[in-house]
Amino acid sequence: MLAGKNSVLRQDIVFRLSLWYALILLLLFTISFISFSFLAKTRMGKKAEKEALAYVDECKSIFQSEGLEGLRKDFLLETHASGAGNASLSILNSKGLILITSDSSKWQNFAVQYDMLNLALDRDKPVMGFISVPGFNNKVIVVYARLSPDKILRIAHLLRRDEIFLYDLQKTLIVVMAITLVTVIIAGWLMLKQVIGRVVVVTNTALSIKGSSLSKRVPVSGLMDEVDHLAQAFNNMLDKIESLVKSQQEITDNVAHDLRIPLTRIRLIAESLLTARGEKTDSQESVSIIIEESDRLLEMINTMLEIKSIEMGIAVWDLTDVDVAEVVKQACEFFQLAAEDKGLTLNLKQVISFVVKADLRCLQRVFSNLIDNAVKYTPPGGNIEITMRAVNNEIAVEISDTGIGIAPDALPRIFERFYRGDKSRNISGLGLGLSLAETIIKAHGGRIKVESTVGNGSTFTVFLPGCRPANNMTK
Ligand code: ADP
């Protein structure tokens, strides 16, 4: 049904475009043809005019030297040269009476044009016109020229040869234009059909994508024309939608998984509390587990909301001048005990005072998350080192550990929401720490870089724009 509709649509567009194409071509051809015919006729008229005037001059000189007899002879020669019946040469008196003529029977119906005769009598210059003569299909050029006060020369010449030539030329032109028109329309129609056919493939692919079947792609011909660009843009869009749907599905799975565990625990404990009513149970411990799990859930929801609000640009910042060195120092002090408990050394190697415009609480969360991760993912006996470098108007805080490291295929994903590495599954966490840290740092105009080797450890570097304070100090 849809294929049928598409084919009708294609036919329709191809037909309509071809029709427009044909009409425009036809219009252009018609305009060219009319202009050409007009120009050719004008030129031919001018040529005939020139020839007639030259003959008038010739006749005048013959009349002066040889009189009417000379003209009679010349008329015979001239009509013979022009082809039998093509010309009429006469001498008329001032009343319009024919004194001598070369006329054959063909010119019997050729009357005297008295208006032209009278005009010619009054002026030295010849009087000329193109007229239709009964019995002839072609136009006739007529010239009246005064030889003496009562002798008028009349030249009439059929434009037959020129008009036949023009007519033949026009016929050839019409045939050539018709062949060109048909060829161009057929070629245009075929090309359009091919192009529209490729666009229809894109449409059909779009229509065939339903629900989760996002794996289909439009074939790219390799011609790299506009249709290929359309196909590529469409395929790129599908790639993006596919990866978006995939990550969306993963997030949903992760959220569901992360919600199910604490909720199941809460439910089980609440159930045991209910069934053990009156019996002696450690209800205080149960309640504290419920609180702990509820806190975990709340933290997850709050962190998600926080990331979203920063991404959407609706987060409310409490921006002040913050010394990054102080924030890093405090975070180190905070995690010192946990590191020692786990048998790790946590050293703050180089501290550079560097002021950034930031939300103190958010910055504290960033460095806490990074140091917390270093502690979490470094096995006992390992080292964690924190150093600071100031380059121009940027501070780089490096947190290096000798921990489990991150697999190369996991590296590009660790900043995704809810992403947790395979080896981290048995270590507590929500998979939101790095996502939140990166969102905060980006919102402060900075960036986070990570380098890691599995089994050797990881280095997270936070870059933040700012400046060194006036009383610059290095500890
Ligand atoms: P969480 O630590 O709660 O799992 P994060 O967003 O902080 O969530 O980190 C995402 C993942 O990145 C972790 O699950 C872990 O696989 C990996 N990761 C982060 N920091 C480190 C690190 N210092 N060493 C090794 N892996 C790390």
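Select Ser-458 and the ligand: a polar side-chain atom of Ser-458 lies 3.5 Å from a nitrogen atom of the ligand. That is a polar contact (a pair of N or O atoms within 3.5 Å). This is a predicted model, where local features need pLDDT of at least 70, side-chain atom pairs count only at pLDDT 80 or more, and totals for chains, interfaces and linings use all residues. Residues are numbered from 1 along each chain as its sequence is written, and side-chain values use heavy atoms, leaving out hydrogens and water.

Stay at the ligand and pick Asn-373. An N or O atom in its side chain is 2.8 Å from a ligand oxygen atom. Next, Gly-431: a polar backbone atom there sits 3.0 Å from an oxygen atom of the ligand.

Now select helix H4 (residues 226-275) and helix H5 (residues 283-311). Helices here are DSSP runs of H or I, at least four residues, numbered from the N terminus. The two pack at about 160°, axes 10 Å apart. Axes are lines fitted to C-alpha atoms over the stretch in contact, and angles run from 0 to 180 degrees between N-to-C directions. H4 and H5 are therefore roughly antiparallel (angles over 145 degrees).

Show the side chains at this contact (heavy atoms within 4.5 Å). Among them are Leu-259 and Ile-266 of H4, and Ile-290 and Leu-297 of H5.

Last stop: helix H6 (residues 324-341) and helix H7 (residues 360-376). Their packing angle is about 40°, with axes 9 Å apart. Contact residues include Phe-335 of H6 and Phe-367 of H7.

Methods:
Polar contact = N/O pair within 3.5 Å; in protein donor to acceptor, adjacent residues only side chain to side chain. Parallel < 35°, antiparallel > 145°, perpendicular 65-115°, else oblique.
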